[in-house]
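Hi,

Here is the structure I promised to pass along. Have a look at it first, and then read on for what turned up when I went through it.

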Amino acid sequence: MALFSSLTPVLVAVLCVVVVARFFKSFQKKHKETDTDSKSAVKSRPWVDEDLQDDTEINTKDEAEGEDWAPSEEDVPHVPYAPPRYPSDVMLQRSREFYELMNERRSVRFLSPEPVPREVIDYVVQTAGTAPSGAHTEPWTFVVVADAEVKHQIREIVEQEEEMNYRQRMGDKWVSDLQRLRTNWIKEYLDIAPYLILVFKQTYGLKGNGKKKTHYYNEISVSIACGILLAALKNVGLVTVTSTPLNCGPQVRLLLRRPANEKLLMLLPVGFPASDATVPNLTRKNLDDIMVFV
C-alpha cells in the first residue's frame, strides 16, 4: 500500500503527459487539415488577383523590429473647424438634389472620343484625394493616361488577361451572370476614351529617407476615394465604367513604371457618352431594402 501511495504522484504525472501529448497531436492534425482546406479553397479560385487581396491587417511586430520602417510622426496641432450649417428645408433640398443627380449615374461602356478639358480631370482627381484615410496616410496614386499608344498597350494587356478570365478562371456561373449585361473581354472603350484613370493603392509609403511608412487600411481608404471619384465624374457630366482588371496589375504597373508598393485597384475609362450609348435597363433597391433604422 505504501508503495502504491508513493507511485501515485508519478502515475498522475505520466497520465497528464499522455493527455497533453494526445491533445497536442490532435490539435496539430486539425490545424493541418484547416491549412489544407484553406489551400484547396485558394486553388479552387484561380481567378483571384493577388494585387486585389485586402492586406489591411497590420503586423506591428515586424514593423517594430524592422529597420526599414519609419517612426511615428509628431503630434498634429488642431485648428478650429466651422463648416456651413443649412436650415432644415435647405438640407432636405440639397440631399434630394444630390440623390437625384447620383441616381442618374450609370456604368457606360460606349464612350465618345470627344476631348475633355484637362483641368476638369485635375479637379475631379483632386476631389477624390479629399477622401478620408487610415491615420491620414492618403494611400492612393491616380495615374491619368491620355497617350493613345499607352492606352492601346493597356487594352492589349487587359484583353489578354480578361479572355483568360472568361474562358478559364471565372467559372461558368460568373460568366453566365455577366451574359445578361452583355459584357465580354473586348474593351474597345480603352482605346476610345480620352482618358484612362488607373487607381493604385499604396500598400506602404516611402519617406524621404527611404524608410517605409505604414498605410493603415489602404484598401478601404482607396475604395472610399474611388467612390468620391465616381461622384465627381458624374457631377461634371462625364461617364465611366468601374473595372477591376483581374491579374493585370503587375504588367500594367511595369508599363506605367509604378513602384512595387503600388497595386492596381481600379481602371476607369473616362469621357462623354457616345451619341448612341446604351445601358442595361436596371433598377436599384428601395431604401427599405438597403437601410435598417434602429
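Glu159 lies in helix α5 (helices here are DSSP runs of H or I with at least four residues, strands are runs of E with at least two, both numbered from the N terminus). Before going further: this is a predicted model, so local features need pLDDT of at least 70 and side-chain atom pairs count only at pLDDT 80 or more, while totals for chains, interfaces and linings use all residues. Residues are numbered from 1 along each chain as its sequence is written, and side-chain values use heavy atoms, with hydrogens and water left out.

Back to Glu159. With a relative accessible area of 16%, Glu159 is buried (buried means under 20% relative accessible area, exposed over 50%, partly exposed in between, with a 1.4 Å probe and protein chains only). Its side chain reaches the backbone nitrogen of Lys187 at 2.7 Å, and it makes a polar contact with the side chain of Arg155 at 2.8 Å. A polar contact is a pair of N or O atoms within 3.5 Å; within protein, one must be able to donate a hydrogen and the other to accept it, and residues adjacent in sequence count only if both atoms are side-chain atoms.

The Arg155 and Glu159 side chains also meet in a salt bridge, 2.8 Å from N to O (the rule: a side-chain nitrogen of Lys or Arg within 4 Å of a carboxyl oxygen of Asp or Glu). Because they are four residues apart in helix α5 (residues 148-169), about one helical turn separates Arg155 and Glu159. Both residues of this pair, Arg155 and Glu159, are buried. Asp191 joins in too: Arg155, Glu159 and Asp191 are linked in a network of salt bridges.

Helix α5 also holds Glu162, which is buried at a relative accessible area of 11%. Glu162 and Ile186 sit 24 residues apart in sequence, with 8.2 Å between their C-alpha atoms.

How many salt bridges are there by this rule? The count comes to six. Here are two more of them.

- Lys201 and Glu219: their side chains meet at 2.4 Å, N to O. This pair links distant parts of the chain, with Lys201 in strand β2 and Glu219 in helix α8, 18 residues apart. Both Lys201 and Glu219 are buried.
- Asp122 and Arg118: the closest N and O atoms are 2.8 Å apart. Being four residues apart in helix α4, Asp122 and Arg118 are separated by about one helical turn. Asp122 counts as partly exposed because its relative accessibility is 34%, whereas Arg118, at 56%, counts as exposed.

Next, α8 itself. At 1.5 Å a residue, its 18 residues (218-235) should span 26 Å, and the end C-alpha atoms are 26 Å apart, which agrees (the expected span is 1.5 Å times one less than the number of residues). The buried residues of α8 include Glu219, Val222, Cys226 and Leu229. What covers the buried residues of this helix includes α3 (88-103), α4 (118-128), β1 (140-145), β2 (195-202) and β5 (262-270). Just after α8, Gly237 takes a positive phi of about 85°.

Val199 is found in strand β2 and is buried, with a relative accessible area of 0%. Not counting residues up to four places away in sequence, Val199 touches Thr141, Phe142, Val222, Cys226, Leu229, Lys263, Leu264, Leu265 and Met266 (contact means heavy atoms within 4.5 Å). One of these, Lys263, is 64 residues from Val199 in sequence and 8.5 Å away in space, C-alpha to C-alpha.

On the surface, Tyr216, Tyr217, Ile220 and Ile224 form a nonpolar patch with about 370 Å² of accessible area together. Patches are made of residues with over 30% relative accessible area and no salt bridge; like charges are joined within 9 Å, nonpolar side chains (Val, Leu, Ile, Met, Phe, Trp, Tyr) within 5 Å. Accessible areas come from the Shrake-Rupley method with a 1.4 Å probe, and for residues only the protein chains shown count as cover. Tyr216 is in the loop between β4 (212-214) and α8, and is partly exposed at 35% relative accessible area.

Finally, the whole chain: there are 10 helices and five strands, and 31% of the 294 residues count as buried. The accessible surface comes to about 20,600 Å², of which 56% belongs to carbon and sulfur atoms. Among contacts between residues at least 6 apart in sequence, 84% join residues at least 24 apart.

Cheers
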